Amino acid sequence: MPGFDLRTARLNKGLSKRGLARAVNVPEQSIRRLEKGMGISPAYAKRIADYFEVQVVDIIDADDEDARRAA
(Lines give C-alpha, C1' and ligand atoms only; values in the text may rest on other atoms or scores of the structure.)
Protein backbone atom coordinates (compact mmCIF):
# COMPACT_ATOMS: atom_id res chain seq x y z
CA MET A 1 0.00 0.00 0.00
CA PRO A 2 1.71 3.15 -1.16
CA GLY A 3 0.63 6.02 1.10
CA PHE A 4 -2.51 4.77 2.79
CA ASP A 5 -2.79 2.51 5.82
CA LEU A 6 -6.01 0.60 5.27
CA ARG A 7 -5.89 -1.18 8.61
CA THR A 8 -5.62 2.09 10.54
CA ALA A 9 -8.33 3.75 8.47
CA ARG A 10 -10.61 0.75 8.92
CA LEU A 11 -10.07 0.63 12.67
CA ASN A 12 -10.62 4.39 12.98
CA LYS A 13 -14.09 3.83 11.51
CA GLY A 14 -14.70 1.00 13.97
CA LEU A 15 -14.94 -1.63 11.25
CA SER A 16 -13.82 -5.24 11.18
CA LYS A 17 -12.44 -6.64 7.93
CA ARG A 18 -15.81 -8.27 7.35
CA GLY A 19 -17.64 -5.03 8.11
CA LEU A 20 -15.55 -3.07 5.63
CA ALA A 21 -15.96 -5.77 3.00
CA ARG A 22 -19.73 -5.56 3.39
CA ALA A 23 -19.73 -1.75 3.40
CA VAL A 24 -17.86 -1.56 0.08
CA ASN A 25 -19.22 -4.78 -1.46
CA VAL A 26 -15.90 -6.57 -1.95
CA PRO A 27 -14.84 -10.02 -0.78
CA GLU A 28 -13.39 -10.07 2.73
CA GLN A 29 -10.36 -11.87 1.28
CA SER A 30 -9.58 -8.75 -0.76
CA ILE A 31 -9.45 -6.67 2.42
CA ARG A 32 -7.14 -9.26 3.99
CA ARG A 33 -4.88 -9.30 0.92
CA LEU A 34 -4.66 -5.53 0.80
CA GLU A 35 -3.81 -5.26 4.49
CA LYS A 36 -0.99 -7.78 3.93
CA GLY A 37 0.41 -5.63 1.14
CA MET A 38 -0.78 -7.91 -1.62
CA GLY A 39 -2.58 -6.81 -4.75
CA ILE A 40 -6.31 -6.69 -5.38
CA SER A 41 -8.36 -5.88 -8.44
CA PRO A 42 -8.48 -2.23 -9.46
CA ALA A 43 -12.29 -2.34 -9.34
CA TYR A 44 -12.22 -3.37 -5.69
CA ALA A 45 -9.50 -0.84 -4.95
CA LYS A 46 -11.75 1.86 -6.46
CA ARG A 47 -14.62 0.93 -4.13
CA ILE A 48 -12.33 1.09 -1.10
CA ALA A 49 -10.75 4.35 -2.25
CA ASP A 50 -14.16 5.93 -2.75
CA TYR A 51 -15.28 4.81 0.71
CA PHE A 52 -12.25 6.40 2.38
CA GLU A 53 -12.22 9.38 -0.01
CA VAL A 54 -8.69 8.73 -1.26
CA GLN A 55 -7.24 8.03 -4.69
CA VAL A 56 -6.97 4.49 -6.08
CA VAL A 57 -3.19 4.95 -6.33
CA ASP A 58 -3.19 5.48 -2.56
CA ILE A 59 -4.68 1.98 -2.23
CA ILE A 60 -2.72 0.01 -4.85
CA ASP A 61 0.64 0.42 -6.53
CA ALA A 62 0.21 2.24 -9.86
CA ASP A 63 2.98 0.05 -11.28
CA ASP A 64 0.91 -3.08 -10.56
CA GLU A 65 0.08 -4.97 -13.76
CA ASP A 66 -3.63 -5.15 -12.90
CA ALA A 67 -3.75 -1.41 -12.31
CA ARG A 68 -2.20 -0.76 -15.72
CA ARG A 69 -4.76 -3.00 -17.43
CA ALA A 70 -7.66 -1.19 -15.77
CA ALA A 71 -6.47 2.27 -16.82
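Which side chains meet in a salt bridge at 2.8 Å, N to O? The partners are Asp-50 and Lys-46, where a salt bridge is a side-chain nitrogen of Lys or Arg within 4 Å of a carboxyl oxygen of Asp or Glu. The model is a predicted one, in which local features need pLDDT of at least 70 and side-chain atom pairs count only at pLDDT 80 or more, while totals for chains, interfaces and linings use all residues. Residues are numbered from 1 along each chain as its sequence is written, and side-chain values use heavy atoms, with hydrogens and water left out.

Asp-50 and Lys-46 are four residues apart in helix α4 (residues 42-52), so about one helical turn separates them. Helices here are DSSP runs (H or I, at least four residues), numbered from the N terminus. Asp-50 counts as partly exposed because its relative accessibility is 44%, and Lys-46 falls in that class at 41%. The classes are set by relative accessible area: buried means under 20%, exposed over 50%, and partly exposed in between (1.4 Å probe, protein chains only).

In total, the structure holds five salt bridges.

Because Lys-17 belongs to helix α2 (residues 17-24) and Glu-35 to helix α3, the pair links parts that are 18 residues apart in sequence. Lys-17 is partly exposed, with a relative accessible area of 26%. Through shared partners, salt bridges join Arg-10, Lys-17 and Glu-35 into one network.

Helix α3 itself (residues 28-35) deserves a look of its own. Which of its residues are buried? They are Ser-30, Ile-31, Leu-34 and Glu-35. These residues cover an arc of only 130° around the axis, which means that they sit on the same side of α3; the arc is that of the directions from the helix axis to the C-beta atoms. The buried residues of α3 pack against α1, α2, α4 and α5 (56-59).

With a relative accessible area of 9%, Ser-30 is buried. Leaving aside residues up to four places away in sequence, Ser-30 touches Ile-40 and Tyr-44, a contact being heavy atoms within 4.5 Å.

Arg-32, also placed in helix α3, is partly exposed, with a relative accessible area of 35%. Although Arg-32 and Arg-18 are 14 residues apart in sequence, their C-alpha atoms lie 9.3 Å apart in space. What follows α3? Gly-37 does, and the phi of this glycine is positive, near 85°.

Key
Helices (H or I, at least four residues) and strands (E, at least two) are DSSP runs, numbered from the N terminus.
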